Amino acid sequence: MAMMAREPEPLAPSPAEGTARQEVEALALAPLPKDQEAPLEERLTLSIGPHHPSTHGVLRVVVELEGETVVKATPEIGFLHTGIEKNAEYLLWQQAITVLDRMDYLSPLSNNLGYVLAVEKLLGLEVPERARVVRVILAELQRIASHLVWLGTTALDLGAQSVYFYAFELREGILDLFEEASGARMNPSYFRVGGLAQDLPEDWEAMARAFLAKFPKRMAEFRALLDRNPIWIDRTKGIGVLTAQQAIALGLTGPLLRASGVNYDVRRAFPYCGYERYEFEVPLGTQGDAYDRYLVRMREMEESARIVEQALAELEPGPVMVDDRKIALPPKEELKVSMEALIHHFKLVAHGFEVPAGAVYQAIESPRGEIGFYVVSSGGTRPWRVRVRPPSFYNVQAIPAMAEGHLVADLVAILATIDPVFGEVDR
Amino acid sequence: MEAWWLLLVKSVGLVLLLFLIFAYLMLFERKFLGFFQLRHGPNRTGPWGLLQPFADAVKLVFKEDIIPASADRLIYRLAPMISLFVALAAYVVIPVAPSSGSFRWGIADPNAGLLLLLAILSLGVYGIALGGWASQGKYTLLGALRSTAQAISYELAMAMSLVGVLILAGSVRLDDIVAAQARVPFIVLQPVGALIFLICIVAETNRAPFDLPEGETELVGGYHTEYSGLRFAMYYMAEYINMIVMASLLTHLYLGGWHGPLLPPVVWFALKVAAVLFLFIWLRATLPRFRYDRLMSFGWKVLLPLAALNLLVTAAVVVLA
C-alpha cells in the first residue's frame with residue numbers, strides 16, 4: 001500500500017537523487033575490499049585458455065597468482081557446447097548413436113556402449129554372445145587408446161616430447177583395428193541397439209593378437225622412459241593431491257578417484273556386458289597425486305590388455321545382431337527375394353522402432369570414469385531425453401582443490417592428469 | 001694488428017657463416033627430432049628438405065610485424081636486436097683453427113678472451129628481459145622473469161666451473177687453452193667441471209630440459225609470445241647462435257679444441273661442435289622439462305657448491321703436484 005501511495009517519480013533527477021547516484025557510482029568505482037591474506041595488487045590474474053597450448057581442448061582457467069603460486073583457480077567451461085543431448089532427441093533411437101559418439105571424442109565406443117546398453121535395457125533385449133564379447137574387446141581397446149592419448153599429451157605438457165609420438169604411434173594400431181571392424185577410426189558408431197553394425201572381418205582376430213603381442217614391450221618402453229625418470233617424478237609426485245574424502249565429495253570417478261585410493265570401478269561395482277567373468281585388477285593409488293594417477297592409468301592399460309586377451313579366447317562364431325526383425329535390419333541379400341524383409345527394412349530406416357515408455361540409468365566405466373546415460377522414452381521412435389553424466393564434467397571441478405597452492409607449472413601437470421575431454425563436459 | 005679491410009671481410013664472413021650454420025642447425029634439429037620421434041621431419045622443400053630454412057626465412061620476412069598497442073615501442077624493437085647482436089658478437093673472440101703465421105682464424109685476439117666472452121654472453125639476458133617486459137603481456141612478463149633468474153643463477157656456476165680449466169691452462173686466452181690440451185683434453189682432467197659446464201650451457205641457452213622461459217605448454221611462447229615475423233626470427237637466431245657459441249666454447253675448453261689426428265684442425269673443430277650440438281638435440285628429444293623452482297634450487301644448491309668444490313680440489317692438486 002505504501003508503494004501505491006507514493007507520488008509518481010519526476011523524470012529529471014532531483015538534487016537529492018543526484019547525490020544518491022553519485023554515491024552509488026563512487027562505490028562502484030572504489031577499489032574492491034581487500035583480501036585478508038594478501039593485498040590484491042600483489043596478485044596477478046592470468047587467464048589460461050581457452051586457446052592455450054595445454055588446456056586439452058577449450059578449458060579456460062582464470063588463475064590468480066602470487067609470484068608463480070596459484071592462490072585461486074576458477075575453471076570456466078562451455079566453449080565446446082554442441083547440443084548433442086538435445087540433438088539426440090530429434091533422431092531415431094539407432095541414429096542417436098552417431099551424435100553421442102562425438103561427446104567423448106577420445107573414446108567414442110564407450111559412449112556407444114553406455115547408450116546402447118541403456119536402450120537395450122528399456123527394450124529388454126539380450127544381445128547375442130558374440131556381440132557381447134566383441135563389445136568388451138573393443139571397449140577395452142578403446143580404453144587403451146584413450147589412455148595412450150592421455151599419456152602422450154601429458155608427457156608433452158611436461159616437456160617429454162618424444163613420448164607423445166610414441167604413444168600416438170601405438171594408438172594408431174588400435175585405430176587400425178577399429179577401422180578394420182567398422183570402417184571408421186574416430187567415430188565408429190559400431191555398437192548398435194541389439195548388437196553390432198556388422199561382424200568382424202576374418203583376419204581381425206589375428207590383427208588384434210598381433211597388436212597385443214607387441215603391446216607389453218611398448219608399455220615397458222614408456223615405463224623405462226618415465227617411471228623412474230627423476231624429472232618426471234619431480235614434476236608429478238606430491239602434485240595436485242586429493243584425499244579419498246575430497247575425491248568422493250567432488251563426485252570424481254575413474255582413474256582420478258582410484259588414484260586417491262577409492263576402490264570404485266563400475267565394471268566391478270555394477271558389472272555390465274559380463275565383466276564379472278573376466279579376471280582383472282582394479283589398480284589403486286595411495287597418495288592421490290599426479291604420479292599415482294599416471295601409475296593407475298598405466299596399470300589400467302595393462303589390465304585392459306589382459307581383459308582383451310581373455311575375451312579374444314572366448315570369442316566364437318555366431319550372430320552379432322539380435323534376430324528380432326522389429327529391431328535389426330534384415331540381411332541385404334534377403335531384400336531381393338523377400339517382400340517381408342523389404343517392408344521391415346523400409347520401416348526400420350524410415351520410421352525406426354518404438355521403445356516402451358520408461359526411464360533407465362545405465363553407467364559404464366569409460367576411460368575417464370563413470371559415464372552414465374539416463375535415457376527416457378515416451379514410447380516413441382525417438383528418445384524423449386538422453387541425459388548424460390559425463391565423468392570429465394565432475395573431474396574438471398576438482399581443479400581448484402588440486403591446483404591452489406601449487407605453481408603455474410604444476411597447474412599444467414594437474415590439468416593433464418585430469419584428462420578432461422571437453423566434448424563431453426559441454427555436450 | 002690486421003688491416004681494416006681484412007677484419008671487415010672476416011666479420012661479414014663470420015656473420016654470414018653463422019647465419020648459414022644456424023639455418024642448417026635448425027633443419028638438422030628438426031630432422032633428428034623427427035628420427036627420434038618416428039617421423040620424417042621436413043622433407044617437402046628441396047631434396048631431403050634442404051631448402052626448408054630458406055622457405056622459413058621467406059615466410060618470416062613476409063609476416064606482418066605486429067607491435068602490441070600497449071607495448072613500449074622503442075624497447076620492443078630494440079630487444080631482439082640486443083639478443084641477436086650479443087649472440088653474434090660472442091663469436092668474435094672464438095678462433096676456429098690455430099693461427100698460421102700472421103693469419104689468424106678469429107677476428108679479435110684479446111688477452112682476456114674468455115673473460116670478454118663471458119661478459120658479452122651475460123648481456124644476452126637484457127634482450128630477453130627487456131623484450132618480455134616491453135611486450136606488456138602477462139605471459140611475456142613471467143617468461144622474462146624466469147629467464148632472467150635462470151641466466152643469472154647458472155652463469156655463476158658456469159664461470160666457477162671453468163676456473164678449473166684456467167688454472168690448468170694458466171691463461172684466459174682461448175688459443176693458449178687449446179694449446180694446453182695438445183696431449184690430453186681437459187675433459188679427462190676435469191670431468192666434473194665439464195659436466196657442470198655442460199649443464200650450465202644447456203640452461204644458459206634455454207634449451208630442454210631447461211627451456212622454462214619459453215615453456216610452451218605453460219607460458220605459451222614465454223618472453224617472445226607477442227613477437228612475430230623478423231623480430232621473432234631474431235630471437236630464434238639468437239637462441240641457435242648462442243647454442244653454437246656455447247658448443248664451440250665447450251669444445252675449446254674441455255674437448256681439446258681443434259686437436260685431433262689426421263684431419264685438418266678446422267674439420268676436427270667442426271666435428272666436435274657438431275657432436276655437442278647433437279647432444280643438445282638428443283637431450284631435447286628425451287627429457288621432460290624441469291620445474292622452475294627446482295631449476296633454481298638445482299643451480300644454487302647443487303651445481304654451485306659442486307663447482308666450488310671442483311675448483312678447490314683442482315687448485316689443491318695443481319699447487320701440491
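How many salt bridges (a side-chain nitrogen of Lys or Arg within 4 Å of a carboxyl oxygen of Asp or Glu) are there between chain B and chain A? The count is one salt bridge.

## Basis

This is a predicted model, in which local features need pLDDT of at least 70 and side-chain atom pairs count only at pLDDT 80 or more, while totals for chains, interfaces and linings use all residues; side-chain values use heavy atoms, with hydrogens and water left out. Residues are numbered from 1 along each chain as its sequence is written, and chains are lettered from A in the order in which they are written.

## Interface of chains A and B

The salt bridge joins D234(A) to R294(B), with the closest N and O atoms 2.7 Å apart. On the chain B side, the elements giving two or more residues to the contact with chain A are α1, α5 (138-169), α9 (216-219), α11 and α12 (292-320); helices are DSSP runs of H or I, at least four residues, numbered from the N terminus. The residues of that side divide into 13 nonpolar, three polar and 10 charged. In this division Ala, Val, Leu, Ile, Met, Phe, Trp, Tyr, Cys and Pro count as nonpolar, Asp, Glu, Lys and Arg as charged, and the others, Gly among them, as polar.

In total, 26 residues of chain B are in contact (heavy atoms within 4.5 Å) with 33 residues of chain A. The two chains bury about 2600 Å² between them, 58% of it on carbon and sulfur atoms; this is the accessible area (1.4 Å probe) lost on being put together, summed over both.

## Second largest pocket

A pocket is an open set of points on a 1 Å grid over the protein atoms alone, with protein on both sides within 12 Å along at least five of seven lines; lining residues have an atom within 4 Å of a point. The second largest one has a volume (the space filled by probe spheres set on the points, which are joined across faces, edges and corners) of about 680 Å³.

Its lining has 29 residues, with L17(B), I21(B), Y91(B), V96(B) and F269(B) nearest the centre. By class, 24 are nonpolar, three polar and two charged. The largest share, 10 residues, comes from α1(B); α10 (229-254) and α11 (265-286) of chain B each supply at least two.

Key: 1 Å grid on protein atoms, 1.4 Å probe; cavity = no way out; pocket = protein on both sides within 12 Å on 5 of 7 lines; lining within 4 Å.
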